[in-house]
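Work through the exercises below with the model open beside the text. Each task is followed by a solution in steps.

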Amino acid sequence: MFSSFCVPLVSTGRGRRPVRPAAAALVVCGLAVAGVLATAGPAAADGTAAGQGGAITTVGGLKTYGDAVVHEETGDRQISAGLFEMSVEGGGTLQTYCVDLLTPTQKDAKYYETPWSGTSLGANENAGKIRWILQNSYPKVNDLTELAREAGIGSGLTEQDAAAGTQVAIWRFSDGAEVEAVDPQAERLADYLEDKAGSTAEPSASLTLEPPAVSGPPGTLLGPVTVRTGADSVTVTPPADAATSGVRIVDEQGEPVTTAQDGSRLYFDVPADAADGTAELTVHASTTVPVGRAFASEGRSQTQILAGSSESTVTAAASAVWADSGPIPALSARENCAAGGVDITAVNAGTKPFTFELLGIEHTIPADTTRTVTVPLLEDQAYDFTITGPGGLEQRFSGVLDCLTQSSGTNDGETTQIFSEPSPATVGGGTSEELNLAESGSSGATPLIGGVAIGLVVIGGAVLILLRERERTAPHQD
């Protein structure tokens, strides 16, 4: 069994542009026997905050690539640079470049389509230039003769050179890396792409449902849940127990829905005599995923950005909670790299406040109110939150916060540390908390990390844990 990973590089600091001072070591993607890097954290049982719809993929490995050299203060190192291939659950293939040169890439890791805000791209002012490169280079532009002419290269540009040159240009913007392609043709392409890159907006998700959770009393239409997709149509799958629960998925007129389009508004039609409970609808479609969509793993594996897509299966889900009275919470989560944590959003459509606890801090959402609580986490910190509520509600969110490239997360003179197996920060049942920070074996960072953990426990989050709560009156569910 093998796993793809990145190893430290040494370099001389030679090259055309200044080295980002935060980076003291670089890494290169390659193969190593499993066990050198263990998988990071548990998979999400009920969901991941990393993505809320779209393609779910498994990374294979580098498929089309050439050579590049990374320059650093202590020396040079030759690496592979090019296109990864991912297989899509349900059918389809994606081609991606990596946007975090220093992070391990676990072979066969599962990835989720995700907004830029949940990755290092969210805080990168050059993210739009990376998408421009993707739209104006290989494989989006597969006429290599034309690409070479545009770049002023001449003839003889190969697929390997085009992939290497494109990846090198991306790394210069994603990581601020001092990197050059070995082949002169590839290097000239990288220079051309870097010099010409403009800023292009983040693409829309291939498929998502907004909002991902709704709530209300039985006997009403709970929603709307709006479909957002680039597909011509999507297939709507009702709750698994629809035949016994009587819950239907309908449109605004109360008519059953089996297919929908972009902009369609879906509702959960819950019988008036239904016991307090929950249900989930799923939509899926076949479409090409937009170039520039980010893909983050459920563990600690290098963030990818989409360069090309076959016709692929994409999915999204939304949940509903109902109760006769009292609190009726709808819960969702999203990684927020700007805030350095995970946003837990609770919509209380009930008649009484909903109270839950995260990391020792109690939060109360008044009736007919929405509140978002940001749970702060360390970079590379695994998390595992479970929140319970009425009607058997038990919502779990887990993953690993991956917001920085390693170079942007280290200080001058420090050596990049690769954490082998982060332990999750857990909050179980809404009543207890436990914060276990990443351990790196013999790493010198362990005492510091342990000290931070002890500090959080002693202080109880009152000072060191900062929670941003945004409260507004929730819109009434139609």
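**Exercise 1.** By about how many helical turns are arginine 149 and glutamate 146 separated in helix α2?

Solution. The model is a predicted one.
- Step 1: helix α2 covers residues 144-151, and arginine 149 and glutamate 146 are 3 residues apart in it, so about one helical turn separates them.
- Step 2: the two side chains form a salt bridge, with 2.7 Å between the closest N and O atoms. This falls within the 4 Å cut-off for a salt bridge.
- Step 3: arginine 149 has a relative accessible area of 53% and is exposed, whereas glutamate 146, with 31%, is partly exposed.

**Exercise 2.** Describe the salt bridges of arginine 293 and locate the partners in the chain.

Solution. 
- Step 1: a search of the whole structure gives 12 salt bridges.
- Step 2: one of the partners of arginine 293 is glutamate 113, with an N to O distance of 2.8 Å. Glutamate 113 belongs to strand β6 (residues 110-114), while arginine 293 sits in the loop between β15 (277-287) and β16 (294-297); the pair therefore ties together parts that are 180 residues apart in sequence.
- Step 3: both residues of this pair are buried. For arginine 293 the relative accessibility is 4%.
- Step 4: arginine 293 also meets glutamate 202 in a salt bridge, at 3.7 Å from N to O.
- Step 5: glutamate 202 has a relative accessible area of 34% and is partly exposed.
- Step 6: elsewhere, salt bridges with shared partners join Arg172, Glu187, Asp191 and Glu194 into one network.

**Exercise 3.** Which residues touch the most other members of the largest nonpolar core?

Solution. 
- Step 1: the largest nonpolar core has 81 residues, and those touching the most other members are Tyr97, Leu266, Phe268 and Val283.
- Step 2: helix α3 (residues 159-174) gives the most to this core, contributing 8 residues.
- Step 3: a second, separate core holds 24 residues, among them Val342, Ala346, Phe354 and Leu401.

**Exercise 4.** Find the aromatic pairs and decide whether each is stacked, tilted or edge-to-face.

Solution. A pair of aromatic rings is described by the distance of the centres and the angle of the planes.
- Step 1: the count comes to 2 aromatic pairs.
- Step 2: phenylalanine 354 and phenylalanine 356 have ring centres 5.6 Å apart and planes at 25 degrees, a stacked pair. The cut-off for stacked is under 30 degrees.
- Step 3: phenylalanine 354 is buried at 4% relative accessible area, and phenylalanine 356 is buried at 3%.
- Step 4: tyrosine 383 and phenylalanine 385 are also stacked, with 5.5 Å centre to centre and 20 degrees between the planes.
- Step 5: tyrosine 383 is buried at 0% relative accessibility, and phenylalanine 385 is buried with a value of 0%.

**Exercise 5.** Where do the cis peptide bonds between glutamate 210 and proline 211 and between glycine 223 and proline 224 lie?

Solution. 
- Step 1: the bond joining glutamate 210 to proline 211 is cis, with omega about -10 degrees. Proline 211 lies in the loop between β8 and β9 (213-216).
- Step 2: the bond joining glycine 223 to proline 224 is cis, with omega about 5 degrees. Proline 224 is in strand β10 (residues 221-229).

**Exercise 6.** How far apart are valine 70 and alanine 177 in sequence and in space?

Solution. 
- Step 1: valine 70 is in strand β3 (residues 56-72) and is buried at 0% relative accessibility.
- Step 2: valine 70 and alanine 177 are 107 residues apart in sequence, with a C-alpha to C-alpha distance of 7.4 Å.

Note on methods:
Residues are numbered from 1 along each chain as its sequence is written. This is a predicted model: local features need pLDDT of at least 70, side-chain atom pairs count only at pLDDT 80 or more; totals for chains, interfaces and linings use all residues. Side-chain values use heavy atoms; hydrogens and water are left out. Helices (H or I, at least four residues) and strands (E, at least two) are DSSP runs, numbered from the N terminus. Buried means under 20% relative accessible area, exposed over 50%, partly exposed in between (1.4 Å probe, protein chains only). A nonpolar core is a set of buried Ala, Val, Leu, Ile, Met, Phe, Trp, Tyr and Cys residues joined through side-chain atoms within 4.5 Å. Rings of Phe, Tyr and Trp (its six-membered ring) pair if their centres lie within 6.5 Å; planes under 30 degrees apart count as stacked, over 60 as edge-to-face and the rest as tilted.
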